Amino acid sequence: MITRTRGKARGPVRRRLLPKPRVALATLLLAVFVGVLVVQAYINAEFTSDHAETEVGDQDGVPLAIRGGGPVINTTGGQESSSRMPDHTIALTFDDGPDPTWTPQILDVLRENDAHGTFFVIGSEVARNPELTRRITGGGNELGLHTFTHPNMQRIAPWRRTLELSQTQVAIARATGVHTNLARFPYSSKANAIDDVNWELVKEAGKRGLLVVVNDMDSEDWQRPGVRQIVRNATPPGDTSAVILFHDAGGDRSQTVQALREFIPRMKARGYRFTTVTEGLNQSIAQRNKAKGATPVPALAENPAAPRSDEWRGAAVIGTVRAADGLLWVIAGLFLVVGLLTIGRTGLLLLLATRHARQRRKPGWSWGPEVTDPVSVIVPAYNEKEGIEAAVRSLAGGDYPGGIEVVVVDDGSTDGTAALVERMALPNVRVVRVPNGGKSNALNTGIALAKHDLIVTVDGDTVFEKDSIRMLVQAFADPGVGAVAGNVKVGNREKMVAAWQHIEYVIGFNLDRRLYEVLDCMPTVPGAIGGFRREALAAVGGISDETLAEDTDVTMALCRAGWRVVYEERAKAWTEAPATLEQLYRQRYRWSYGTMQAMWKHRRALFDKGPSGRFGRVGLPFLALFGVALPMLAPVVDVMLVYGLVFWELNETLTAWLGMLALQLFTAAVAFRFDRESMRPLWRLPLQQFAYRQLMYLVLMQSATTALTGGRLRWHKLHRAGLTPRTTLPELPQQVVAPVVDTWPSTLDQAKVPSHPASGRAVARPPMQSRPDPEDLPSAGSPPGGGTGPVYTG
């Protein structure tokens with residue numbers, strides 16, 4: 001946001017890059033998006049085996065009855081007791097599920113052997129597999145809490161521990177309609193390993209009404225030691241009872257399934273019964289209640305009904321998990337699409353652009369006989385006092401032997417632009433003043449007044465090299481060429497923002513133009529330097545004002561009309577790029593929006609025949625995929641990078657990103673070599689990935705929103721400092737604006753022809769009041785190479 005003062009009578013006027021409603025909507029969407037990703041990262045926390053080596057701390061505070069007691073620990077109501085399973089009883093317990101692959105197979109084994117088990121489930125997996133969780137309880141098995149994301153409970157805050165257990169409880173409630181009284185902490189083992197820290201956790205669980213279950217025997221199936229070893233590890237010594245630990249998730253559990261097929265029948269043959277933890281605990285309670293003088297203890301409910309409130313809370317938890325999972329799948333799919341598009345684009349660029357460069361560098365290659373026909377240079381100008389002198393001097397002083405006429409069309413400037421040019425008194429330069437009517441009108445007026453049939457259009461802030469015009473028009477030796485795109489260079493590249501644009505111009509625009517020429521679908525002849533045949537322009541109705549990208553619009557019309565549009569890399573024009581991010585944003589906003597308008601205007605080419613159909617089925621899809629879709633989808637690369645750095649494997653993520661950056665650097669090096677540019681600016685490329693690209697994402701998103709909502713923008717120029725020092729002149733008088741003139745081609749008494757590829761020609765308008773402040777609007781024109789610029793996905 002910037003603050004400026006307009007005049008004395010008016011207070012500060014605050015301007016925004018985006019209107020308030022869009023800022024609020026964008027902020028809301030970003031907050032939702034980030035929130036869902038955080039949820040996704042939270043529920044997908046990677047965990048290691050439950051039995052990763054952990055050090056047992058001091059045990060002085062743990063009662064001996066607990067350390068030497070059974071695997072079911074009860075601290076509810078302030079008591080401190082533990083229990084074992086009855087004699088000849090085994091409670092099979094399974095951690096880390098439910099898993100859609102292995103849990104069903106384990107349930108099948110239990111059903112086949114008329115056995116039940118207790119499944120200590122992960123809440124996030126319950127949310128993903130509610131039907132499978134219902135199958136567990138429906139088969140007579142029991143559920144227990146194993147936290148929501150499998151953290152080490154010793155290392156997280158108390159509020160997080162509460163959340164881990166409560167979220168799992170409500171997820172179970174929603175999935176199955178039942179509650180559980182059992183909990184097992186990740187990375188716990190046997191009762192004799194409980195130290196002071198873990199004892200506090202056990203007592204916390206007791207305050208929540210939970211029994212903590214550890215184990216007597218560990219099958220160590222998580223190590224996948226083989227079926228025989230798993231059976232051996234799980235077998236209790238003698239005839240003792242046991243709570244035995246297995247896993248139904250967290251990796252390949254095929255050995256666990258096969259071991260259970262052998263273990264259960266073998267232990268049944270030895271007289272063992274298989275129960276759930278609660279069922280076995282109730283049998284132990286019943287035996288104690290029979291003892292003489294014992295105080296009766298009520299049996300525990302197995303899978304008791306859950307409160308209705310928990311079911312509603314569970315619905316929110318499950319919905320959030322599913323939304324987060326869905327979004328991640330969408331992002332992963334888009335990441336794949338972006339990757340394929342990026343690789344495809346890079347491959348095409350390197351293949352076709354290299355072929356183009358090699359062809360041009362062949363000894364003796366030329367467009368044909370030397371072109372020496374006179375040229376008219378049209379310079380539309382609106383408040384260009386900073387750079388107009390250097391621009392006109394470079395144009396008028398070119399070395400073209402056929403003669404150069406420079407026509408400066410002053411579009412109602414208020415800063416003395418026309419007077420500056422007139423005071424230069426150059427013999428081959430004339431100034432035409434027209435009412436303020438926009439760039440398309442200024443161009444058409446200049447063409448109407450031009451004396452020659454070869455037309456060169458130039459922005460008022462652009463400086464040509466001495467041979468630029470001569471090099472540009474040589475392509476007209478080919479009678480099929482209707483327009484020529486020149487090579488736009490950034491002149492103020494010493495500034496960081498402009499230096500980023502220099503990289504963009506070389507890698508994106510200039511390299512793209514080579515590819516577009518080979519495919520014969522050049523979408524844009526840049527306003528900074530472009531050559532046209534008057535005949536070709538007349539055939540498409542001149543310069544249209546129906547879009548904000550008049551140069552893209554007319555170029556597309558020329559392609560549809562069957563004219564060739566080519567690129568001449570030797571014709572160089574130096575332009576002043578925006579030096580601030582704000583000005584850059586406004587410029588690119590207009591470029592992107594105008595390009596989308598032009599694509600929509602020429603959409604019927606998709607169904608045409610001949611040259612128009614070829615452009616519609618090659619040029620438009622190419623521009624839509626690589627100029628609009630790819631830049632708009634490219635943010636998923638940054639999302640995945642940040643997500644991977646924070647929540648995934650750091651090394652793998654960095655390797656993937658550096659690989660993409662290396663590909664980008666290679667492409668950049670090729671482009672810089674083709675343009676004969678120094679490689680030194682490429683050290684800024686990695687920084688550009690993090691800063692410059694994000695601005696381009698916002699530009700495209702706002703452009704698409706503006707296009708969909710039908711918003712309108714108008715032409716204006718950016719603030720310029722000039723590439724060279726300008727002449728110091730006294731205060732110039734207010735310029736007189738010329739009367740209304742007919743434009744070119746003539747539009748007097750002519751109706752618009754809707755079927756024409758460039759219908760909507762600009763006409764000169766009557767005098768108008770001064771324009772809105774230029775800072776309110778983005779700059780005119782299109783990207784120098786067409787589309788919306790290069791796509792960086794490294």
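**A close look at one strand**

A: Seen from β14, I404, V406, V408 and D410 point one way, while E405, V407, V409 and D411 point the other way, and all of them are buried. Buried here means under 20% relative accessible area, exposed means over 50%, and partly exposed is anything in between (1.4 Å probe, protein chains only). The strand spans residues 404–411 and is mostly covered, with eight of its eight residues buried. Strands (E, at least two residues) and helices (H or I, at least four) are DSSP runs, numbered from the N terminus.

This is a predicted model, in which local features need pLDDT of at least 70 and side-chain atom pairs count only at pLDDT 80 or more, whereas totals for chains, interfaces and linings use all residues. Residues are numbered from 1 along each chain as its sequence is written, and side-chain values use heavy atoms, with hydrogens and water left out.

Next come the neighbours of the strand. Two strands pair if DSSP finds at least two bridges between them. On one count, β14 pairs with strand β13 (residues 375–381) in the parallel sense, over seven bridges. In this pairing, P380 stands opposite V409 of β14. Between the two strands comes helix α12 (residues 388–396), and β13, α12 and β14 make a right-handed β-α-β unit. Right-handed means that, with the strands pointing away from the viewer, the path from the first strand over the helix to the second runs clockwise.

β14 also runs parallel to strand β15 (residues 429–434), to which six bridges join it.

Eight strands form an open sheet with mixed pairing, in the order β15-β14-β13-β16-β19-β18-β20-β17. Its edge strands are β15 and β17 (463–464), each of which pairs on one side only. β17 pairs with β20 in the antiparallel sense, over two bridges. V463 stands opposite W574 in β20.

Side chains of opposite charge can pair when their charged atoms come close. A salt bridge is counted when a side-chain nitrogen of Lys or Arg lies within 4 Å of a carboxyl oxygen of Asp or Glu. The count by this rule is 33 salt bridges. In one of them, the side chains of R676 and E569 meet at 4.0 Å, N to O. E569 is in strand β20 (residues 564–575) and R676 is in the loop between α22 (650–674) and α23 (685–690), so placed that the pair links distant parts of the chain, 107 residues apart. R676 counts as exposed because its relative accessibility is 61%, while E569 is buried, with a relative accessible area of 9%. Both belong to a network of salt bridges that links K489, R493, R514, E569, D675, R676 and E677.

The side chains of E112 and R261 meet at 3.1 Å, N to O. E112 is in helix α3 (residues 102–112) and R261 in helix α9 (residues 254–269), 149 residues apart, and the pair links distant parts of the chain. E112 counts as partly exposed at 49% relative accessibility, and R261 counts as partly exposed at 35%. The side chains of E204 and R161 form a salt bridge at 2.8 Å, N to O. Because E204 lies in helix α7 (residues 196–207) and R161 in helix α6 (residues 158–176), this pair ties together parts that are 43 residues apart in sequence. E204 is partly exposed at 21% relative accessibility, but R161 counts as buried at 9%.

Last come the rings. Rings of Phe, Tyr and Trp (its six-membered ring) pair if their centres lie within 6.5 Å; planes under 30 degrees apart count as stacked, over 60 as edge-to-face and the rest as tilted. The structure holds seven aromatic pairs. One of them is the edge-to-face pair of W365 and W367, at 4.9 Å centre to centre with 70 degrees between the planes. W365 is partly exposed at 26% relative accessible area, and W367 is buried at 13%. F94, F119, F246, F263 and F274 form one aromatic cluster.
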